[in-house]
Amino acid sequence: MPLRCWAEIDLAALERNLRSIQAALPERIKYIAVVKADAYGHGMEQTVTRLMQAGVDMFAVANVLEAVSIREIGTGWPIIVLGATLEDEESYLFEYDLIPTISTVEEAVRLEAKASERGQPLKAHLKIDTGMGRLGIWHEYADELFDVLKHSKFLKLEGIYTHFASANHDPDFTRHQRKLFMETIERVDWLETDSLMIHADNSAGITTFAPESVYNAVRIGLLQFGITPYPKSIFGHVEATPIFQFKSRVGVVKKLPAGASISYARTRVLDRDSKVAIVCAGYGDGVPLPLSNRGCVLINGKRCPILGSITMDQTIVDVTDIGENICSGDPVTLIGPQDGGEIRLEEFSDWARTIPWEVLCSVTKRVPRIYRTAIKTG
Ligand SMILES: *Cc1c(COP(=O)(O)O)cnc(C)c1O
């Protein structure tokens with residue numbers, strides 16, 4: 001079937017990004033690949049397959065359903081569920097050998113009871129809240145939870161972690177969180193930290209990572225997908241390149257006179273005789289509505305401004321200035337390079353007044369994901 005709006009994902013670039021991050025970290029550090037939300041919109045199956053081939057140590061997802069989909073791709077990798085596990089989801093932890101995150105005494109008691117009822121041990125990671133205010137037990141209250149885990153027969157404490165709230169723009173607060181996390185762990189005298197996974201760093205976190213520290217794992221999402229919205233310097237020698245391109249094609253090209261109105265609610269009135277191209281992509285594909293009268297697309301490598309409101313299936317762009325020879329079927333790039341031009345995800349998300357990873361999560365089901373440089377197996 002010919003394509004009219006699609007995402008192109010470069011799996012070799014994903015692998016290069018992974019290698020680059022791994023090379024920047026001491027060898028003993030385990031790599032937990034975070035692939036929640038359909039691998040940040042890149043597609044769970046293909047990206048996870050490649051990450052398995054490339055040699056990550058573990059996967060992290062948001063919930064048991066996502067974890068089960070990884071189990072169906074390949075066996076042997078530990079999978080941690082970063083979100084809360086609801087009571088009616090618990091049985092999946094056992095059936096699929098998943099690692100839950102524990103944030104409360106209530107959860108620990110509930111899971112211990114379930115494990116005991118099944119006669120099946122369950123590995124778990126305990127999460128400490130050091131300033132995110134989301135999951136995890138508040139660091140000052142953690143002793144009680146450690147105590148419950150110490151006395152659990154079936155629940156096996158395998159890891160401890162925390163999550164940074166401002167690793168990308170507030171290194172001081174991140175250091176403060178690290179300190180609280182360490183103090184909390186050090187208070188627990190019976191812990192054998194050598195045999196535990198201890199992790200805190202997400203993509204931005206690794207910039208304040210201290211190699212000699214007690215951490216022995218990192219949890220990386222954005223950076224492996226080449227998303228670096230922070231100042232370039234923050235990632236030091238990690239070279240990560242974008243792996244995602246968003247593309248479409250020209251439906252029709254036509255002339256309109258000065259004074260003609262464009263799109264719903266006459267969101268634009270032309271101030272000159274114009275040539276416009278109608279692009280086969282709209283908010284039904286994940287082109288954000290705030291790009292109306294704001295963003296650009298690339299045709300022939302040149303920037304063509306978006307005119308009027310984005311509509312569900314189509315976007316109107318101004319091609320008056322870019323020459324005569326544009327016609328139906330021509331390629332359009334919404335995100336990515338084209339013929340010497342480039343629209344970066346970060347710029348696109350600024351136009352949309354949002355963050356890059358929300359853009360990726362918003363590319364809809366209608367948009368086929370086309371994978372480049374997949375390794376053929378079987
Ligand atoms: C999403 C997430 C990560 C990964 O963060 P990135 O900034 O994408 O690297 C790590 N840990 C937790 C708990 C998360 O929810």
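Student: Which way do β16 and β17 pair, parallel or antiparallel?
Tutor: This is a predicted model, and in it strand β16 (residues 302–307) pairs with β17 in the antiparallel sense, over two bridges. Across that pairing, I306 stands opposite V317 of β17.

Student: What about β14, how many bridges does that strand make with β17?
Tutor: Four bridges, and again the sense is antiparallel; β14 covers residues 274–279. There, A277 is the residue standing opposite V317.

Student: Are the faces of β17 covered or open?
Tutor: Both faces are covered. T315 and V317 sit on one side of the strand, I316 and D318 on the other, and all four are buried.

Student: OK, which side chain does the D318 side chain make a polar contact with?
Tutor: The side chain of R272, at 3.0 Å.

Student: And what else is D318 in contact with, leaving aside neighbours within four places in sequence?
Tutor: Besides R272, the contacts are K275, C304, P305 and L307.

Student: Switching to the cores. Which residues touch the most other members in the largest nonpolar one?
Tutor: That core has 111 residues, and V35, F59, I70, F181, F246, I299 and V317 touch the most other members. Domain 1 (11–225) and domain 2 (244–372) both contribute residues, so the core lies between them.

Student: Is I316 in that core or in another one?
Tutor: I316 belongs to another core, which lies apart from the largest one and has eight residues, including I262, L270 and I278.

Student: Back to I70, what does that residue touch?
Tutor: Not counting residues up to four places away in sequence, I70 touches V35, M44, V48, M52, F59, V61 and I79.

Student: Now the domains. How many residues of each are in contact?
Tutor: Nine from domain 1 and seven from domain 2. The C-alpha centres of the two domains lie 39 Å apart.

Student: What area is buried between them?
Tutor: About 760 Å², with carbon and sulfur atoms giving 66% of that. On the domain 1 side, G41, H42 and L222 lose the most area to domain 2, and together they make up 50% of what that side buries.

Note on methods: Residues are numbered from 1 along each chain as its sequence is written. This is a predicted model: local features need pLDDT of at least 70, side-chain atom pairs count only at pLDDT 80 or more; totals for chains, interfaces and linings use all residues. Side-chain values use heavy atoms; hydrogens and water are left out. Buried means under 20% relative accessible area, exposed over 50%, partly exposed in between (1.4 Å probe, protein chains only). Two strands pair if DSSP finds at least two bridges between them. A polar contact is a pair of N or O atoms within 3.5 Å; within protein, one must be able to donate a hydrogen and the other to accept it, and residues adjacent in sequence count only if both atoms are side-chain atoms. Contact means heavy atoms within 4.5 Å. A nonpolar core is a set of buried Ala, Val, Leu, Ile, Met, Phe, Trp, Tyr and Cys residues joined through side-chain atoms within 4.5 Å. Domain bounds come from an automatic or database domain assignment. Buried area is the accessible area (1.4 Å probe) that two parts lose on being put together, summed over both.
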